[in-house]
Every structure is written in structure tokens, then in C-alpha cells.
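Here is a short briefing on the structure shown below. Topics are grouped under headings.

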Number of protein chains: 2
Amino acid sequence: MSTLITNIGELTTNAPDDDDRLGTVQDAAVLIEDGRIAWAGASGDAPAHADQVVDAGGRAVIPGFVDSHSHLVFGGDRAAEFEARMAGQKYAAGGIRSTVAATRAASDDELRARLRGFARELLAQGTTTVEIKSGYGLDVATEERLVRLASEVTDEVTYLGAHVVPAEFADDHDAYVDLVVGDMLDACAPHARWIDVFCETGAFTVAQSRRVLEAGVARGLKPRVHASQLGPGEGVQMALELGAASVDHGTYLTDDDVAALAASDTVLTLLPGVEFSTRQPYPDARRLIDAGVTVAIACDTNPGSSFTSSMPFCIAVAVRDMRMTVAEAVWAATAGGAAALQRDDIGAIAPGKRADLVLLDAPTRVHLAYRPGVPLVRQVWKDGDAAL
Amino acid sequence: MSTLITNIGELTTNAPDDDDRLGTVQDAAVLIEDGRIAWAGASGDAPAHADQVVDAGGRAVIPGFVDSHSHLVFGGDRAAEFEARMAGQKYAAGGIRSTVAATRAASDDELRARLRGFARELLAQGTTTVEIKSGYGLDVATEERLVRLASEVTDEVTYLGAHVVPAEFADDHDAYVDLVVGDMLDACAPHARWIDVFCETGAFTVAQSRRVLEAGVARGLKPRVHASQLGPGEGVQMALELGAASVDHGTYLTDDDVAALAASDTVLTLLPGVEFSTRQPYPDARRLIDAGVTVAIACDTNPGSSFTSSMPFCIAVAVRDMRMTVAEAVWAATAGGAAALQRDDIGAIAPGKRADLVLLDAPTRVHLAYRPGVPLVRQVWKDGDAAL
């Protein structure tokens, strides 16, 4: 089965040439065969035959978004908490612990139905690959359920038992870490590719974080880290020592952190929805990119600090408030996400890559930031199949 | 023909009761008959019979958005200018004059196709009433075309010949005002309900603005004003003297302006997309609302300063960056817009009102701000007809 997409006004390939990291082709075409990109280039050079021809009508095509950071398996929501926070009010009830309670109480079928709804929602917004973390179970049985359910919808499953310390271990954090690296890891590792930890004052210390990640690595999981969201710390340096694929958040990076990231293969993943939805200060993407750090953008979809699932929205905020150019933001949301997941088969439209593409209802990718909030995703192909 | 919408988890009526300006009803139903709201209230009290029953599945229903400020009839776009501005670069070409040139060069059919595309786009995002301004023609023939085309898609047409002074009158602004209040007004008044002027340093002086508005009023048009967007001025006071329905922008209001607005029937319409897309400072909605000013939110959809058409996006930004509560922002985007257009038949879900409603894919209106960028509009009824 082959599909030829013709009359593409602007094609973003992320196959860099000398002048353009995004490998932009005007008046372009793409040939899909058996779920992979078979050919991409200028219309005049396009193959003549395909089983099916789709006329893009002069619109823009980009690689499918790769969202490398989400928390999509949970019960309940926290709309009332959000509303109170935005109104400057205190909100007594629960925070993350209310989500943990709702998640533990939900059946597999309830969690699965919700998760599949989110998966459809993401796909309709152009996200063709999503990483999903556990972390709202915080006991062995529930964490196992979360990674198992996540593995039904993505290959990029992250075990985040070390999300926060649950109430029942409030007086003995190290005992909770024992569980995370013990029985909980045993239960979760078979379903996961990644191990993650929230290394931050109030969550897990650097020593505890290192212990968690090293235990995961010993079980064949690959490390990624939440760090420097709420204040500076040693989490970035620890992540780099362990060869983490990505450090996520990074709002409070020291100059040494930035230099070390730039010298490494580790991606720094920015999460614009978090700062938008919590009124925290935005990290400065300009500083990172100018220093040579590889930057990704992800949505961090979760009920507490960022309930958006819209990569176009995150691109628009990254451009306005993190000082990325539109091209940098689109790259960060596609190829950047792929780098943060250490995937070389996605994030670009080039021969041999998976045929994950988005047709925009716009003449150029610039509209993703120029038209914030407007649903611009007209069609999505995932592994070569039209999804909408 | 009657339609009963049942099992509404949260209904926002904007029919105020003692405690709640938004007249919120939990577990509600709405009966539509012949394009109007026949009944709205608690499910237990709902009428038993209707030709058609729609199960809202516990989701939220709100009044259709009333977008009281847009510029939807134009040729071309200015994506390259936007991209350069966001990258901190100078952009030599054209600005608004490039849109004027593209608009003058476009055929009626081209403008009409574009306009209808925008009208569909707005409706799909929950906007059931939109005001549309002229102002990219700036000559008699083109301004007449713009108001005429706008009148094909809305009753809320605004003649904005006094948008900016066109290049051909750069040396004699008053001569352009002569045209605006003369032949151009003659040509446009039959198609319009409103007259508007951009009263700002660099556009039209207070004296010129007054002359434009008074000429329109003498022809039966009702006044509305762009003022205090780029700096303080006397535009607000002038607008109030003339009984303008709304003053729009209002970023730089003096304390006297705020007090005068609060004492008047004039609405202050905030345009969050403009500040988002130009990195200008956000006006402080908290100050206005606390002083007693009636506030609306509109998208100001235009190719230069705000190309969003998403009222949910504008609500989210108004909550985050203008310090509105979610309830205030939802009211401002519905009942507030109706007030800004002096309409008492829209903006609320109450007996006798037009049946313009939005079913959200969310349990509460809070999700409009809590889930920024996510397309949450599941169904729209316009005059009682399902639109999606």
C-alpha cells in the first residue's frame, strides 16, 4: 500500500541541509509505503505512481509531534484546585494526593477508558508518539497497573514510582525509596522502557534520586529526570553523570548546568504548559539554545500543573514566553522530542522513518504560533495510516 | 421542532441568581423550541417530551461565545512578519499596508471564500455570534465590498474606514477623514450596524475620531471605539460622551478612565490575543472588574496583531495574564460580548433567548482555562440547529 501526498505548500522534513536545520521544502510531495516514508522532496521530482494520491491543497506538512513527557493515567481531575489557584485563593483539598487517591480507587477499565480518550485527543492534535509515566499509584499494585495500562497505548512507558512520597511514608522517605527500588521496580520494570525520578526539594534528594535511577538502570531501564523545576539543585549534574536521555523542566539552571548540558547528549525538555498553568516564571530557551543545548518541548499533561495536551499551544507559548523562534519550537516538538526519547525512527520525514505526519490547515508551520488555540490539524498519519 | 438536552453536568445560564452571576445549575437540562430557549433548569424539573433528546453525558453546557471584535475580511496573511517579530528581528515589508494591498487586489469570491472559512472555524470553536469590521480597504469601493461581504455572514457589521490612514493620504490625514465621513460612509452605511474608529497616536486624533463617530451616528450607525491600546489618551472619555457601546483594548487606562467606565453603560472589551501575539503588556482586568467596569473578551482576529479565532484560548490567557477568574472570563466571552453589542437576545441560556449553546467535552467550564489549547467544543447549536 502506497500513498503519495502531493501539492504540499511547505514541507518540514527535519532532514537538515546546510542552511536549514528543519530541511524545509516548498512545493513538495511525500511518498509513504508500508508505513514508512519512501521518498520526500520537491514536487517536480516526485514518483509518478502510488496506490492512493492525497492533494494537500498547498497546505503545510510537518512530522508528527513527539511528546516525550506526560502523565496520562490517573483518576479524577483538579479543576476546582486550578480555579482557586488562578483566583489567588488557598485550596485546602489534597493536591497530588487527591489524584493518588482517585487513581487507586479507579478500576482498570475506568483508567483505560480515560487513557484511550487522551490518546485519541493527542492524535487529533497531531501527536503521533507520546511517552507516558506512572506516578499516581505510589504503591506496588497501582504502579504496576499504571505502567501496564500505559503500555497498551505506547511503547514509551516510564516507571515513575519516585514521583512524590505518599502520605503513608511521610515519616520515612527512605523506606519509600526502598519500596521503589524493590518490589515496585520488580512489578513495573517488565512493562516500562524508562525510569524517572522527581529530583527536587520536597520530593527526592539527589542521593535518593541516584539510588532510584541506578536501580532502574540495573534492571535494563533507561534514565530520565525531573529536575530544577522549583529551584536550583544538583539534579542536572547527577542526570548527566548517569547519561539520562533528558532532563525535564530546567527552570532554575546554573551556568554550569547549561554548559554541562551543552557538552552532553542529554536533551533539556521544556514544559510550557506548566509555567502557563501555575504562573511560574518561564525558563529561558534562548539562553539554552544559544549555549548549544538540545531542547525539546513536551506538554507534561497532568491534572495538577499542566492539563493541556496541545503541542501547538505549547509551541505558541514557547515562542512568546520562552523566546524560541517558530522554527526552533517546531523542531523541539518533533525532532527534539524524538531525541529526548533516543528514537531515530521518528521526528523527521525522510526515507526509512516511520510515516508519522501532520497536515496543517495552514500554508506554513508558522501558523502554529501565529494562530494560537486554533485547531489547525487537518489530517494525521500514524505509521502511514490516516487517523482522522 | 423541539430538542431537549438532558444530563448536563454543569449548565452556565448567565441568568444570575443572588449568589452567582453565571446562574450555574448542576445536573441540568435545556429545552429548545423553534430556535429559542423554551426552558432551562434542574433535570428533575425538565419537561417530559421533546421531538429529539440529546444526552450531554454529564458534560458542561455554556452559552455560545459572542465575539464582539474581529477583522475577518482581508487578503493575504502576515506569517513572515509575525515570525520575524517573535524572533526579535526587524521586518521591512508592509505591515497593515500589505494587508490593504492584498485585500484591494482580491476578488469578491476570494474574500468571500476566506470569510466563510473563518465563519466555519469560529462556529466550530463555539462562537455563535461574531462582529466583523471593515478597514482593510481604505478606499470607497473596497470598504463597500468589505461591509457588504461581512453582512453575508453576520448582522453585526462595523464600518471601520477610520482604521488607519492609507498611504495615498499620508500627507493629508484630514482629507482622508473627509472621505471616511463622506462618500465612503454613504457607500458603507447601508450594510453596517456600527461605526468604529482607531483613536490612537499614529492613527486618528480625538477630534478626527469624534468627527467620524458623529457622522456615523447621524446616519443611524451606533458607535464603538478602539482606544488606549498603545498609550493613554482621551479616546475613552470621548467614547463615553458619545455613548459608545464598547471601548476596545484599554491597555493604558487612567484612574479617571476606569471610574468613568464604571459609572457608564459602556463595556470595556479586552483582547488577550493581541497582547499574546505582540508581547505587549496585558491590561489588568482585575483592576477594571473590581472598580465595577463591565468587561468583555473578544479575539480581535486579524492578520497583524492577533490571528487567533479561539475564544477558549482568549479565556485561558485572560485568566492567566489578566487576572480574571474563570467565571469572570467565561461571562465576559458570552454575556459580556452580548453587552458590548447591546444585544439582549444572546449571551444567556434563558427562556426567549436565541438557542445558541455549546456542549463542552469537559465536566465544567473551568476546563476552558484548565486545558488551554485543547479543542473542547463537542457540539454547537446556533438558533437551535446543531452545527457540527
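**Aromatic pairs**

- A:Phe169 is partly exposed, with a relative accessible area of 21%. Buried means under 20% relative accessible area, exposed means over 50%, and partly exposed lies in between (1.4 Å probe, protein chains only).
- This is a predicted model: local features need pLDDT of at least 70, side-chain atom pairs count only at pLDDT 80 or more, and totals for chains, interfaces and linings use all residues. Residues are numbered from 1 along each chain as its sequence is written, chains are lettered from A and ligands numbered from 1 in the order in which they are written, and side-chain values use heavy atoms, with hydrogens and water left out.
- Over all chains, a search of the whole structure finds 19 aromatic pairs. Rings of Phe, Tyr and Trp (its six-membered ring) pair if their centres lie within 6.5 Å; planes under 30 degrees apart count as stacked, over 60 as edge-to-face and the rest as tilted.
- A:Phe82 and B:Tyr370 form a tilted pair, because their ring centres are 5.2 Å apart and their planes stand at 35°.
- This pair crosses between chains: A:Phe82 is in helix 1 (residues 79-86) of chain A, and B:Tyr370 is in helix 15 (residues 367-370) of chain B. Helices (H or I, at least four residues) and strands (E, at least two) are DSSP runs, numbered from the N terminus.
- A:Phe82 is buried, at a relative accessible area of 2%. B:Tyr370 is buried too, at 1%.
- A:Phe169 and A:Tyr176 have ring centres 5.3 Å apart and planes at 50°, so this pair is tilted. A:Tyr176 counts as buried, at 0% relative accessibility.
- A cluster of ring pairs links A:Phe74, A:Phe82, A:Phe118, A:Tyr136, A:Phe307 and B:Tyr370.

**Charges over rings**

- A:Arg21 places its charged end over the ring of A:Trp331, 3.5 Å from the centre. A charge sits over a ring if NZ of Lys or CZ of Arg is within 6 Å of the ring centre and within 35 degrees of the ring normal.

**Symmetry and interface**

- Chain A superposes on chain B by a rotation of 180° with 0.0 Å of shift along the axis (RMSD 0.0 Å).
- In chain A, the C-alpha nearest the axis belongs to A:Gly373, 2.3 Å from it.
- The copies meet through the same surface, because 100% of the interface residues of chain A are also interface residues in chain B.

**Sheets**

- In chain A, seven strands form an open sheet in the order 8-9-10-11-12-13-14, with parallel pairing. Two strands pair if DSSP finds at least two bridges between them.
- Strand 8 (132-133) and strand 14 (295-297) of chain A are at the edges; each has a single partner strand, so one side of each lacks a neighbour in the sheet.
- Strands 8 and 9 of chain A run parallel, joined by two bridges. A:Lys133 has A:Thr158 in strand 9 as its bridge partner.
- Strand 9 (residues 157-162) of chain A is largely enclosed by the rest of the structure, because six of its six residues are buried.
- Strand 11 (residues 222-227) and strand 12 (residues 246-249) of chain A are parallel and share three bridges. A:Val225 stands opposite A:Val247 in strand 12.
- Chain B also has an open sheet of seven strands, in the order 8-9-10-11-12-13-14, with parallel pairing.

**Nonpolar cores**

- The largest nonpolar core has 194 residues. Such a core is a set of buried Ala, Val, Leu, Ile, Met, Phe, Trp, Tyr and Cys residues joined through side-chain atoms within 4.5 Å.
- A:Tyr159, A:Ile315, B:Tyr159 and B:Ile315 have the most contacts inside this core.
- Apart from this core lies another, of 15 residues, among them B:Ile5, B:Val30, B:Leu357 and B:Leu359.
- B:Ala332 lies in helix 13 (residues 326-333) of chain B. At 0% relative accessibility, B:Ala332 counts as buried.
- Beyond its neighbours within four places in sequence, B:Ala332 is in contact (heavy atoms within 4.5 Å) with residues including B:Val295, B:Ile297 and B:Met324.

Terms used:
Copies are superposed by least squares on the C-alpha atoms of residues with pLDDT of at least 70 in both.
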